Amino acid sequence: MSDRYSLLILPGDGIGPEVMAEVVKVIDWFKTNRAMPFDIQHGLVGGSSYDAHGTPLTDETMALAQSVDAVLLGAVGGPKYDDLDFAVKPERGLLRLRKEMDLFANLRPAQCFDALADFSSLKREVVAGLDILIVRELTSGVYFGTPRGIEADPTPGNEGGRVGINTQRYTSGEIRRVARAAFELAAKRRGKVCSMEKANVMESGILWREETQWVHDNEYSQIELSHMYADNGLMQLVRKPAQFDVILTDNLFGDLLSDAAAMLTGSLGMLPSASLGAPMANGRPKALYEPVHGSAPDIAGQGKANPIACILSFAMALRYSFAEGKAADQLEAAVQTVLAEGVRTADLMGPEGGQPVSTSEMGDRIVAALSA
Ligand code: NAD
């Protein structure tokens, strides 16, 4: 494994560059104070790349993304680009990165910081201390399966009508590789995986259950594996979320489950994510880290954005790309400390009010807490 840590930073559009500037402060802190050997390159993605090059992602930036250990992305998009052709819309840059890097495992932690427990749509006692990780298959399933499309309805008597078609399709290999990712992650957490599908009504769900069980029995029998129908899973997630450690699920159900889990923890400005692919020659996985939120054009350029989602995405990079778990813990603890001190960006202000801090003050306070 290389002893250098190579990163490509793609700030993107809207608040992307603002929140990424705070991540750079954090990276500098780890370089200076922990002698971490980061090599950083910068590039354009989304609307900013379209403005400079007429495309949301150049081939050069794509090649760079393939060559580094990890890509950190801010956000893409904005009203300025709404009328562009589909092929050059900002989102296409992000989709190209995910597709060509073959990032099949999407990781969305739902972690409730004690100081923010009252922001949850659930009662404090249900969410306090919550720490779950949703692993969603990202490159297959019903969003990609064929046949797909809208066609004339061939049924006699339905002339003039149409049918919409999508296909849920999973191979054993696609299920096994994402299941392995979930078991590996569980082994570094509390050792529990709950796999969710609809094996009661879908053949792809039966295969999902069988293959997940096979990987468990043959390779990860030390991990506790349970299975749940996804509809019940969603219900359990809002009823008693603390029963879960790692939730493993497909692309469609993962889309729904991860958004529901996001509401358990409060603000969009707090939610990080990672998308991982196969290991590279140096043993590190292909990896893209990004906050869940978008480019927030309504607050862009005003110093109001919460940088914590992007900073916590970097904490995930420390943990999953660079095996710097202690440093990741330290960074998450620094965020916890700052929130416990009552430091808040505007999106985290409660009904009691107070004076919000700016994006850069929040970054500075987190860096100061790292040194404390
Ligand atoms: P959004 O996430 O950008 O914003 C939703 C709301 O949350 C806004 O009111 C915004 O001000 C607030 N918000 C988001 N992030 C915040 C932060 N860090 N701090 C404080 N407040 C924050 O979603 P949207 O408004 O639906 O989309 C805006 C643009 O972003 C669109 O062009 C959309 O296509 C794009 N988008 C990009 C991504 C991505 O890059 N991964 C994801 C979602 C949306």
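Me: What secondary structure does the chain of this predicted model have?
Reply: The chain of this predicted model has 12 helices and 12 strands.

Me: Why is the chain called as compact as a globular protein of its length?
Reply: The globule rule gives 21 Å for 372 residues, and the radius of gyration of the chain is 21 Å. The two values are close, so the chain is as compact as a globular protein of that length. Along the principal axes, its C-alpha atoms fill a box of roughly 70 × 50 × 50 Å.

Me: What makes Arg108 count as buried or exposed?
Reply: A residue is buried under 20% relative accessible area. Arg108 has 12% relative accessibility, and therefore counts as buried. In the chain as a whole, buried residues make up 51% of the 372 residues.

Me: Why is the contact of Asp259 with Arg108 called a salt bridge?
Reply: The cut-off is 4 Å between a side-chain nitrogen of Lys or Arg and a carboxyl oxygen of Asp or Glu. The side chains of Asp259 and Arg108 meet at 3.1 Å, N to O, so the pair qualifies. Asp259 lies in helix H9 (residues 251–264) and Arg108 in strand E4 (residues 105–111), 151 residues apart, and the pair links distant parts of the chain. Asp259 has a relative accessible area of 44% and is partly exposed.

Me: How do you know that Arg319 and Glu332 form a salt bridge, and which parts does the pair tie together?
Reply: Their side chains meet at 3.0 Å, N to O, which is within the 4 Å cut-off. Arg319 belongs to helix H10 (residues 308–320) and Glu332 to helix H11 (residues 325–340), so the pair ties together parts 13 residues apart in sequence.

Me: Why does Arg319 count as partly exposed, whereas Glu332 is buried?
Reply: Arg319 has 24% relative accessibility, which falls between the limits of 20% and 50% and therefore makes it partly exposed. Glu332 has a relative accessible area of 13%, which is under 20%, so Glu332 is buried.

Me: What makes the pair of Arg365 and Glu341 a salt bridge?
Reply: The side chains of Arg365 and Glu341 meet at 3.2 Å, N to O, and 4 Å is the limit, so the pair is a salt bridge. Arg365 is in helix H12 (residues 359–371) and Glu341 is in the loop between H11 and H12, 24 residues apart.

Me: Why is Glu341 called exposed?
Reply: Glu341 has 52% relative accessibility; exposed means over 50%, so the word applies. Arg365, with a relative accessible area of 37%, is partly exposed.

Key. Residues numbered from 1 in each chain as written. Predicted model: local features only at pLDDT ≥ 70, side-chain atom pairs only at ≥ 80, totals over all residues. Heavy atoms only, no water. Helix = DSSP H or I, 4+ residues; strand = E, 2+ residues; numbered from the N terminus. Rg over C-alpha atoms; globule rule 2.2 N^0.38 Å. Buried < 20%, exposed > 50% of the residue type's maximum accessible area, 1.4 Å probe, protein only.
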